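Okay, everyone, let's take a few minutes with this one. Have a look at the model first, and then I'll talk through a few spots.

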Amino acid sequence: MKNISSNVRSNDTNSMYPPTKAEGIAVCSVFIVADVFIVRGNLLTLVLFALSKKLRKRSLFLVINMAFSDLLLGILSLPIYIVMWGSSYRLWNFEISRSLEISFYCVDTALSQASLLSAVFISLERFHAIFWPLRHRTLSIQVYRVAISVVWVLSILVCTIVNLLLWLKSAKESLYFWIPYAVTILLLLCSCNIGIWRKSLHRAVVSQQNIVNSQRVTKTLLFVSMLALICWLPLVVTNYLYFVHEISASWLFLAAVIANILNYINSCINPVIYAFKIPEFKRALLFLAAGKKEVATVMKDETRQKSSASVLAFDNQDMDTKL
């Protein structure tokens with residue numbers, strides 16, 4: 001999506017935003033730190049997936065696809081964006097050619113939409129698992145491969161349509177495609193999350209550990225998908241206000257900067273969520289960082305806690321039976 005901040009900075013007739021090097025250094029520093037975390041976090045996620053067999057579950061295939069798209073975003077897109085931003089603040093003498101600008105918007109749009117669409121497909125997959133569990137268990141790996149292929153085909157299609165409208169027409173024309181697209185994504189994600197939440201309210205409490213783990217993974221993945229939506233929508237709103245309503249104000253420029261930061265920082269938050277919320281990721285990370293002995297100790301402690309909880313539940317059930 002076309003960036004408001006760079007558009008405003010390049011407009012010499014607008015004196016409301018005088019470029020200052022201190023401001024440019026601060027913003028570029030934030031993006032550089034975010035880029036480092038994006039690359040390291042998502043690369044670590046892919047390495048853990050490759051090393052740990054327990055992570056190679058069907059429910060995590062789309063998560064790995066999102067991590068792959070976020071990694072490419074940090075390697076290919078964000079460095080070019082930092083160079084463009086620094087050039088607009090005159091931090092370095094680097095002339096941005098039109099071909100480089102077009103290439104950036106194409107790559108950035110395709111990769112960001114691949115990440116967002118992965119979040120949408122994660123919600124749809126969890127919705128199918130909750131409402132039709134028997135059918136979901138019979139799904140083959142080929143179905144997930146097709147879903148991942150559809151994610152990339154749709155992201156390339158969206159990228160092509162948006163950039164054709166952007167460069168052949170105008171940014172305002174491209175937003176007439178973005179708005180219905182954003183509303184569709186919003187409705188899909190909200191519908192899936194509301195449906196799963198209502199279904200979980202009507203479920204009976206089950207003490208089986210695999211059911212508890214499945215519910216935990218579902219909540220984590222839904223949180224990741226909604227977080228992706230929340231971090232992407234402000235970018236659509238700020239561009240809509242600037243290009244459609246032609247609002248040019250200091251608060252809108254600040255909002256655009258924050259929206260761009262959120263859009264990129266979302267890509268480095270996901271690995272942290274996986275590490276803290278998904279037990280398989282946590283164990284694989286401990287195994288990689290601390291070694292087999294420490295992981296074995298942690299797993300033994302978890303097993304003891306589960307067994308003690310099961311014994312306690314059995315004793316309570318036995319007492320209720322005697323009473």
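**A walk along helix 2**

V47 counts as partly exposed because its relative accessibility is 33%; that label covers 20% to 50%, with buried under 20% and exposed over 50%, using a 1.4 Å probe and protein chains only. Quick housekeeping: this is a predicted model, so local features need pLDDT of at least 70 and side-chain atom pairs 80 or more, while totals for chains, interfaces and linings use all residues. Numbering starts from 1 along each chain as its sequence is written, and side-chain values use heavy atoms, without hydrogens or water.

V47 sits in helix 2, helices being DSSP runs of H or I, at least four residues, numbered from the N terminus. Together with L43, L44, L51 and L288, V47 makes a nonpolar surface patch of about 420 Å² accessible area. Patch members have over 30% relative accessible area and no salt bridge, and nonpolar side chains are joined within 5 Å. Helix 2 gives four residues, the largest share.

Terms used. Patches are made of residues with over 30% relative accessible area and no salt bridge: like charges are joined within 9 Å, nonpolar side chains (Val, Leu, Ile, Met, Phe, Trp, Tyr) within 5 Å. Accessible areas come from the Shrake-Rupley method with a 1.4 Å probe; for residues, only the protein chains shown count as cover. A salt bridge is a side-chain nitrogen of Lys or Arg within 4 Å of a carboxyl oxygen of Asp or Glu. Helices (H or I, at least four residues) and strands (E, at least two) are DSSP runs, numbered from the N terminus.
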